[in-house]
Amino acid sequence: MAETDFDAIVVSSGCAGAVAAYELAKAGKSTLVVERGNFAGAKNMTGGRIYSHSLKKVFPDFESEAPLERKITHERIALMDPASQTAVDFTSPELAEEGKDSYSVLRAPFDQWLASKAEDAGAEYICGIAVEELLKDGFGRVVGVRA
């Protein structure tokens with residue numbers, strides 16, 4: 001069993017994991033990210049919606065470099081069953097206002113972009129490894145992982 005000390009170990013490199021790793025590494029903490037997929041985003045087969053107000057707190061100019069699909073300017077929510085459907089359309093200038101805007105993304109490339117930001121800040125990545133167990137000390141504090 002190999003042992004290496006890190007200030008923090010992040011399990012999974014989804015949006016929250018990659019941003020946590022970025023913030024920790026940026027603060028000078030030695031950070032390891034253990035990702036089950038062969039690369040960050042490898043297990044994501046779908047898209048998502050990114051709300052800019054949260055991401056801008058970490059990456060103020062993310063729109064200029066993140067792999068965004070499109071800005072959301074119109075919403076349509078449909079409820080369906082086999083025999084009928086109803087929909088609600090919503091359009092508002094608020095959808096474009098700073099702090100209320102959002103973007104559609106494909107999670108695999110977006111997660112890779114976030115992971116690259118964490119790596120650039122100094123986080124180390126190990127991909128293709130599943131974490132099996134959290135290791136705890138006698139006080140119940142997490143002190144490591146078994147992968």
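In this predicted model, three strands form an open sheet in which the pairing is antiparallel and the order is 3-7-4. Strand 3 (47-51) and strand 4 are the edge strands of this sheet, each pairing on one side only. Strand 4 and strand 7 (residues 102-106) run antiparallel and are joined by two bridges, and Lys71 has Tyr103 in strand 7 as its bridge partner. Helix 3 (residues 107-121) packs on the sheet, where it touches strand 3 and strand 7, and the direction of helix 3 makes about 100° with that of strand 7.

A second open sheet also has three strands, here in the order 1-2-8 and with parallel pairing. Strand 1 and strand 8 (124-127) stand at the edges of this sheet with a single partner strand each, so one side of each has no neighbour in the sheet. From one strand to the next, the twist averages 20°. Strand 1 and strand 2 (residues 31-35) run parallel and are joined by four bridges; within this pairing, Ile9 stands opposite Leu32 in strand 2. In general, the strands of a sheet pair through backbone hydrogen bonds, in either a parallel or an antiparallel manner.

Ser12 is placed in the loop between strand 1 (8-11) and helix 1 (15-26), and although Ser12 is not a glycine, it has a positive phi of about 90°. Gly28, in turn, is placed in the loop between helix 1 and strand 2. The C-alpha atoms of Gly28 and Met45 are separated by 33 Å, while the two residues are 17 residues apart along the chain.

| Residue | Relative accessibility | Class |
|---|---|---|
| Ser12 | 34% | partly exposed |
| Gly28 | 61% | exposed |
| Tyr22 | 15% | buried |
| Phe59 | 7% | buried |

Turning to the aromatic side chains, the model contains four aromatic pairs. Tyr22 and Phe59 form one that is tilted, with 4.6 Å from centre to centre and 50° between the planes. This pair links distant parts of the chain, since Tyr22 lies in helix 1 and Phe59 lies in the loop between helix 2 (52-58) and strand 4 (70-71), 37 residues apart. Both partners are buried: Tyr22 has a relative accessible area of 15%, which is under the 20% limit for a buried residue, and Phe59, at 7%, falls under that limit as well. Tyr22 and Phe59 also belong, together with Phe110 and Trp113, to one aromatic cluster.

The largest nonpolar core has 23 residues, of which Leu55, Phe59, Phe62, Phe110, Trp113 and Leu114 touch the most other members. Helix 1, helix 2, strand 7 and helix 3 each supply at least two residues of this core. For Phe62, when residues up to four places away in sequence are not counted, the residues touched are Ser52, Leu55, Lys56, Leu68, Tyr103 and Trp113.

Methods. Residues are numbered from 1 along each chain as its sequence is written. This is a predicted model: local features need pLDDT of at least 70, side-chain atom pairs count only at pLDDT 80 or more; totals for chains, interfaces and linings use all residues. Side-chain values use heavy atoms; hydrogens and water are left out. Buried means under 20% relative accessible area, exposed over 50%, partly exposed in between (1.4 Å probe, protein chains only). Rings of Phe, Tyr and Trp (its six-membered ring) pair if their centres lie within 6.5 Å; planes under 30 degrees apart count as stacked, over 60 as edge-to-face and the rest as tilted. Two strands pair if DSSP finds at least two bridges between them. Axes are lines fitted to C-alpha atoms, for helices over the stretch in contact, and angles run from 0 to 180 degrees between N-to-C directions. Contact means heavy atoms within 4.5 Å. A nonpolar core is a set of buried Ala, Val, Leu, Ile, Met, Phe, Trp, Tyr and Cys residues joined through side-chain atoms within 4.5 Å.
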